[in-house]
Amino acid sequence: MSSQAQLLPGTLDLLILKAVSLGPLHGYGVLLRIGQISAGALLIEQGALYPALFRLVRQGLLKASWGTSENNRRAKFYELTVAGRKRLREEVDGWNRLATAIASALAAQPEEI
Amino acid sequence: MKLLAYVRSLAARFMFRSQTENDLELEFRAHIQYRADDLERSGLNRAEAERRARIEFGGRERFKEESRESLGGNFFDALMRDVRFSLRVLRKSPGFTIIAVLTLALTIGANAVVFGVMNGLILRPPNVPHAESLYGIERSDDDDPVQSYPDYLDLRDRNRSFESLAAYRIAEAGLDTGENPSRVFLFEVSGNYFDALGIQPYHGRFFHASDEHGPNSAPYIVLSYGYWHSHFLDDRSVVGRAVQLNKHPFTIIGVAPPGFHGTLVFAFPDFFLPMMNEEQVEGRNVLNNRGTKWIYLALGHLRAGVTPAQAIADLNSIGSYLQTTYPKEHGKFTYSLSRPALYGDFLGRRVQMFLTGLLLLAGLILLAACANLGNLFAARAADRSRELALRLALGAKRTRILRTLFTEAVLISLAGGLFGLWGSVAVLRGLSVWQPIPRYPIYVPVNSDANVYGVALTLALLSGILFGMVPMRQVLRTDPYQIVKAGSTCTVGRRITVRDLLLVVQIAICAVLVTSSMVAVRGLVRSLHSNLGFDPRNVIIVNTDLSMPGYGGERVPEIQKRILDAMQTIAGVESVGLIDWTPLIGGVYDQSDVFNDQTADLHPSNAAASPFSFRVSVGYFRAAGTALLAGRSFSQHDDHSAPRVAVVNRELATKIFGSEGNALGHFFKLRDGTRVQVVGIVESGKYKGVTDDSAPAMFLPILQSPTLATNLVIRSSRDPREMAAAIRSTLRDLDRGLPSYIETWSKQLDDFALFPSHVAVVSLGVLGVMGALLSVTGIFGMAAYSVSKRLKEFGIRIAVGARPKEVLQAALGRAVTLLAFGSAAGLIFGILATRVLAHIVYQATPRDPVVLAGVVLAMSLLGLIATWIPAQRALSLDPLTLLREE
């Protein structure tokens, strides 16, 4: 458990967008995909995924449709819309800038000042 | 795009609500199934896998709720769900719901009624264009805004502040349209009346200032719309028709527009005619008499840009001109302005004060009801603490729980408000057709307009929010784990809670109401038993007016004598008298200055007194039951050939002559300088209003100072209805054209002098009973609740040998203490509040041992009633059953 990190507020949306950008997924699939691409390092409460998914649908970033999964269960599949793809790019850029800035700030050594 | 998606999502939420719910459920279930598949693969059996999957998923209801929120449109949806849920909860406790709704319906209804009356009488402007600049003129030396005609002319012609100054007076006359003459109620108005107010005729034409060419020069009648409608059946050919008014020819020239009924908000005259013709209406000409103040009110629109202060300064310069030019008729006075619709400050201020007081009391009642319901709600919330805790534990947010509680409160308050409004509309409708004084077309012009609806619904919402807020803190502090574990706990502490405070406030409000209604009732009873200066029991008053059948001059004393003699012959009549204006039943009481015999300069400032003056016949004092203290009453020989005599009351005797003994046989002077000898002294009394102190009065014989106003005072112990019939037929035999109004003196007192007291007693009584009911339910609620909460404790106490007294003390001590505190506070406030009442009800003083004792008794009685059932319950506890059950 201690190896898992709490999500920063607001990052769940970004992770969902990223996960879905790799191919249409149902809710549980999104969860698995995030676990897979983050190597299980992030802790997500399972139910909390859904309010976030619906929020993204409402914002027009995802679209949802009912379909049948590989083991013949009915499930709702989510995929990115054009707006979602654009938003993902912006968010990734923003995140990278932030991460670089924080990383360089944290890497600062006394002699560099 | 985003907007479109939002709208689509919102639409989906509304149109396919059940489908979305379904989708949510399906999606969650699918998620758990997938997870369970995975877990099963890792070696768990299916059941265990599904259980684990459900636990890992987390609070399903909470996420559903959050999902709904993310889906949008949640506010209305949640509201609908709250409403449905609340309705279900309320239906489960019908007793609580009915009591709460009824309480609110009564209190909100009371508020709406009082506001409706205020709205109709005070807030609504009179029905004339630019009502905001319409003012009436008041004089500081008289509480009536009356003027004499010459003074009015000076004011009209010399002022520079009014666009045009109009005047009116109310009178009665006999109208003959070819059939039997009927009594009519009319406004005598100045020629410029309609033009000054800016009213246009509905049909035909109005008269104007240019129609006036001296006394009796403008015999024109303008019908009110209502009278035209009811008596002439909307007949347009009525314009130009000649009619007889008091046997004088008049012509109907027009009809006033509907909705215009003169400038007195509660009077609905039959028609208007120029006051230039007042002699034909009233049988006397006072147009040139500066000393007779008979114009009721002079009023007009202020010119644009003139402030009321400037207008008052302007009027006062005319006033000082009048005082220096006509010193005989004017003492010192100043002018002021007032709103004309309620007859200036004379009625307006009293009505406004009374209604404001009532509104305050009604508001207090509503507050008390809110406190009461707040308590009930808090108690319910405490009873439901287990349910609330469970909901919290299952993931409901506190705001959601608060919102459902609020929804319950607002639903109840809205239902109460609607019922209350419905009731108040009915009451107001009843009030508006009610004719308080059957003799006159006077109505309380109230109707329920948008203002009333608005006020009622606003009050309902506000009170719902108010009492919905009471259990808020309780819910916010609920610790679900504690309560689910331990059951609802009850802390018995000495701490004073908000609930206790609310109860004290409520009891205090109730005590205020009980105090003021008792003061009012006491005052009314006292005014009935106070010395009026006459004895109204077994007396019938016949109001008639000789000017209506056209009598005048020498024929007046003759017909008056014939009437009196005819009355005397009716079987059962003990004594008969005649007076120009009957005391205490309304009319134009003549109040004029009198002087000491030695005074030479008859300036008002030198007057010895300003008594009411009455013209009476032989036999009046005996018929009225006025006690003769010394000297003699009038006889047939006190006629115009005999020396002038008067009977004065004790008050006037002491005012002029210093003492009663000095008066008899001595002389005083009337305003015109006539010397009058005092031949008799009668007891003092009340003449204009029951709240007045006893005033000076003089009585003059009709044979020496004739009058057309003829009111018969007939004392008889026979049944009044039989008597009335006999009187009516006797009068008809004398003159078919003589209109009359026959009623007992007591009934007429109720209609006139005691009318304000009756209104005060009824309205305060209703509010007082409501307040009492509220505090009974309030105390009962609290006592019952505290007993039921502590049943276990009492069971133990009884089991270990507590005596009934001790149990009672523990159970009800608090309620009784609160009751005592509240009553004491209420009594003090009540005493302060009833000062206002003193203006309306005779001798309404709270410093009255009967009132004080009555309030204490009433409050203790209320306490006893309210705590009786809880006390019985606490006493009848069987500790064994109780302890076994718990």
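**Close-up views of a predicted two-chain model**

**View 1. Helices α26 and α27 of chain B pack side by side in this predicted model.** Helix α26 (residues 791–799) of chain B and helix α27 (residues 804–833) of chain B pack at an angle of about 165°, and their axes are 10 Å apart. Helices here are DSSP runs (H or I, at least four residues) and strands are E runs of at least two, numbered from the N terminus. Axes are lines fitted to C-alpha atoms, for helices over the stretch in contact, with angles running from 0 to 180 degrees between N-to-C directions. The angle makes α26(B) roughly antiparallel to α27(B); angles under 35 degrees count as roughly parallel, over 145 as roughly antiparallel, 65 to 115 as roughly perpendicular and the rest as oblique. The crossing of the pair is right-handed, the term for a near helix turned clockwise from the far one by less than a right angle, with anticlockwise giving left-handed. From α26(B) come F794(B), R797(B) and I798(B), and from α27(B) come V807(B), A810(B) and A811(B); two residues are in contact if their C-beta atoms, placed from the backbone, lie within 7 Å. By class, this contact has 5 nonpolar, no polar and 1 charged. Ala, Val, Leu, Ile, Met, Phe, Trp, Tyr, Cys and Pro count as nonpolar, Asp, Glu, Lys and Arg as charged, and the others, Gly among them, as polar.

A word on conventions: residues are numbered from 1 along each chain as its sequence is written, while chains are lettered from A and ligands numbered from 1 in the order in which they are written. Because the model is predicted, local features need pLDDT of at least 70 and side-chain atom pairs count only at pLDDT 80 or more, whereas totals for chains, interfaces and linings use all residues.

**View 2. α27(B) also meets helix α28 of chain B.** The axis of α27(B) comes within 10 Å of that of helix α28 (residues 849–875) of chain B, and the two cross at roughly 155°. That makes α27(B) roughly antiparallel to α28(B), and the crossing is right-handed. Residues of α27(B) in this contact include V807(B), A811(B) and L819(B), while those of α28(B) include V855(B), M859(B) and G863(B). The contact has 15 nonpolar, 3 polar and no charged residues.

**View 3. Helix α6 packs against helix α25 in chain B.** Helix α6 (residues 94–123) and helix α25 (residues 755–789) of chain B pack at about 155°, with axes 11 Å apart. That makes α6(B) roughly antiparallel to α25(B); their crossing is left-handed. On α6(B), the contact residues are I99(B), T103(B), L106(B), T107(B) and A110(B), and on α25(B) they are L767(B), M770(B), L774(B) and T777(B). They divide into 6 nonpolar, 3 polar and no charged.

**View 4. Chain B touches chain A.** Here 22 residues of chain B are in contact with 20 residues of chain A. On chain B, the elements that give two or more residues are α1 (2–15), α2 (17–41), α3 (46–57) and α4 (60–71). The chain B side has 8 nonpolar, 8 polar and 6 charged residues. The model scores ipTM 0.85 and pTM 0.75.

**View 5. Chain A holds 4 helices and 5 strands.** Along the sequence, they follow the pattern β-α-β-α-β-α-β-β-α. Mean pLDDT, the predictor's confidence in each residue, from 0 to 100, is 83 for chain A. Confidence is lowest in strand β1 (residues 5–6) of chain A, at a mean of 66, and highest in helix α4 (residues 82–106) of chain A, at 90.
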